[in-house]
Amino acid sequence: MKYINSLNFATGLDSKDPLKKFRKKFLFPKHKGREALYFTGNSLGLEPASVKKYINAELEDWAKYAVEGHFDARNPWYSYHEMFAAPLAKLMGAKTHEVVAMNQLTVNLHLMMVSFYRPGKKRYKIICESNAFPSDQYALQTHVQSHGLSPDKALIEIGPRKGENLVRKEDILKAIEDNADELALVIIGGVNYLTGQLMDMPAITKAAHKVGAYAAFDLAHAAGNIELKLHDWDIDFAVWCTYKYMNSGPGAVAGAFIHEKHTKNQKLPRFAGWWGYDKKTRFQMNRNFEPMKTAEGWQLSNAPIFSMAAHKASLDVFMEAGGMQPLCKKSKVLTGYLEFIIGELNRKIKDKKIKLEIITPTDPSQRGCQLSIIAHGMGRDFYNTLTKSGVFCDWRNPNVVRLAPVPLYNSFEDVWRFGQTVEQALKLK
Ligand SMILES: *Cc1c(COP(=O)(O)O)cnc(C)c1O
């Protein structure tokens, strides 16, 4: 598409946007009396306006039914989590029995590692990213240590080459080949949190399986952002949080995917709790654990209903929007527009020392909606300037500003206004 840096052009795209009515379903923070420019859906998605109603319904049912609410509430709490199977399957490209909403992301990562990282004398290595999110790093390190192994030996971290910002696929594939006989698991962020780079998950999975290792992905920045086909890609397990692009609220209940070839295997080691027990016989309180043959077999505790009510409100919005396909269609154009506007800013910046470098891949098939910028010559001042001007974005050490125009609630006008705001702040006009 040929983009134009004008309000008319932006509002023209908005008026033709089939998803435009969804903006009104979200609550925007204000800056000087008007809706702020919110580009931080990669960190905390906006609150769906319907969340209050969903949570209130549970508060009412708690008051009305008390303990009987487990079975008598409008959405009985006993089976509440089952309502997520269909929408999560659709959004994650999974079968309904391969997904479950439970716990938190890092908790789920640990639970999955218990089942899928069983180091032996020979196979004990894990391939991961050197620029992974710290929580994942800590989880992997301590997990390796819990097996009496040294992270220095067991963790093979793949990072960008010297002088580059992105991880090359061929470097991951080569590391898999090089460690073929010792490799137990490959675990990578589906979309890197810092650079916004989308990894080739099918290719990495195929390569891992070829050498006899498991392939897993952290989808914190992929869930609700890109189209996923976890089942068809044959991924062994995946975990994600839901407060980022999934708009389910701070610390909301997270999710996990376990491929059906594993869910049926009741012998797979795991850390168990009563909520993973076969539903039909759960209340017989038998001594020996018999897991469900679905992803639910990894649940530990009964469901956090209030957090799940917000998750439900949000997933209902995703379903109404038609899932990831229409969202990604808009996302590509919207993020492309932001990329264009940043190019316009660079054209107008006269100070030779200052340049806004986008480190996210230019190829739309290698990214979601986030663009990561290094503001050469400005660094953190650029982020501070944006924040003061009413732009919500975030800063990640050592030098990255992340901006994510989200197709569900951001408009082309938002992106155009962003350009205008920066022009004013940097006195480019
Ligand atoms: C956001 C994020 C987390 C956060 O972990 P929680 O357990 O939800 O606190 C972990 N890993 C990655 C890659 C993330 O982007």
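Which domains does the domain assignment of the protein chain give? Domain 1 is made up of two segments, 7-48 and 323-425, while domain 2 covers 54-320. Please bear in mind, colleagues, that we are looking at a predicted model.

Let me begin with how the two domains are placed. Their C-alpha centres are 29 Å apart. Domain 1 contributes 36 residues to the contact, and domain 2 contributes 26 residues.

I turn now to the area between them. The size of an interface is often given as the accessible area lost when the parts come together. Between domain 1 and domain 2, about 2500 Å² is buried, and carbon and sulfur atoms account for 60% of this area. On the side of domain 1, the residues that lose the most area to domain 2 are Gly-323, Met-324 and Ile-359; together they supply 20% of what that side buries.

Polar and charged pairs also cross this interface. The rule finds 13 residue pairs in polar contact between domain 1 and domain 2, counting pairs with both residues at pLDDT 80 or more. Across the interface there are also 2 salt bridges. Elsewhere in my notes I have marked the salt bridge of Glu-320 with Lys-21, in which the closest N and O atoms are 3.2 Å apart.

My second topic is the ligand. Which residues surround the ligand? They are Leu-105, Thr-106, Phe-133, Asp-136, Asp-218, Ala-220, His-221, Cys-241, Tyr-243 and Lys-244. Sorted by class, this shell comprises 5 nonpolar, 2 polar and 3 charged residues.

Thr-106 places a polar side-chain atom 2.6 Å from a ligand oxygen atom. For His-221, the distance from a polar side-chain atom to an oxygen atom of the ligand is 3.1 Å. In the side chain of Lys-244, an N or O atom lies 2.5 Å from an oxygen atom of the ligand. Taken alone, the ligand would expose 390 Å², and the protein buries 83% of that area.

Thank you for your attention.

Key:
Residues are numbered from 1 along each chain as its sequence is written. This is a predicted model: local features need pLDDT of at least 70, side-chain atom pairs count only at pLDDT 80 or more; totals for chains, interfaces and linings use all residues. Side-chain values use heavy atoms; hydrogens and water are left out. A residue is near a molecule or strand if one of its heavy atoms lies within 4 Å of it. A polar contact is a pair of N or O atoms within 3.5 Å; within protein, one must be able to donate a hydrogen and the other to accept it, and residues adjacent in sequence count only if both atoms are side-chain atoms. Accessible areas come from the Shrake-Rupley method with a 1.4 Å probe; for residues, only the protein chains shown count as cover. Ala, Val, Leu, Ile, Met, Phe, Trp, Tyr, Cys and Pro count as nonpolar, Asp, Glu, Lys and Arg as charged, and the others, Gly among them, as polar. Domain bounds come from an automatic or database domain assignment. Contact means heavy atoms within 4.5 Å. Buried area is the accessible area (1.4 Å probe) that two parts lose on being put together, summed over both. A salt bridge is a side-chain nitrogen of Lys or Arg within 4 Å of a carboxyl oxygen of Asp or Glu.
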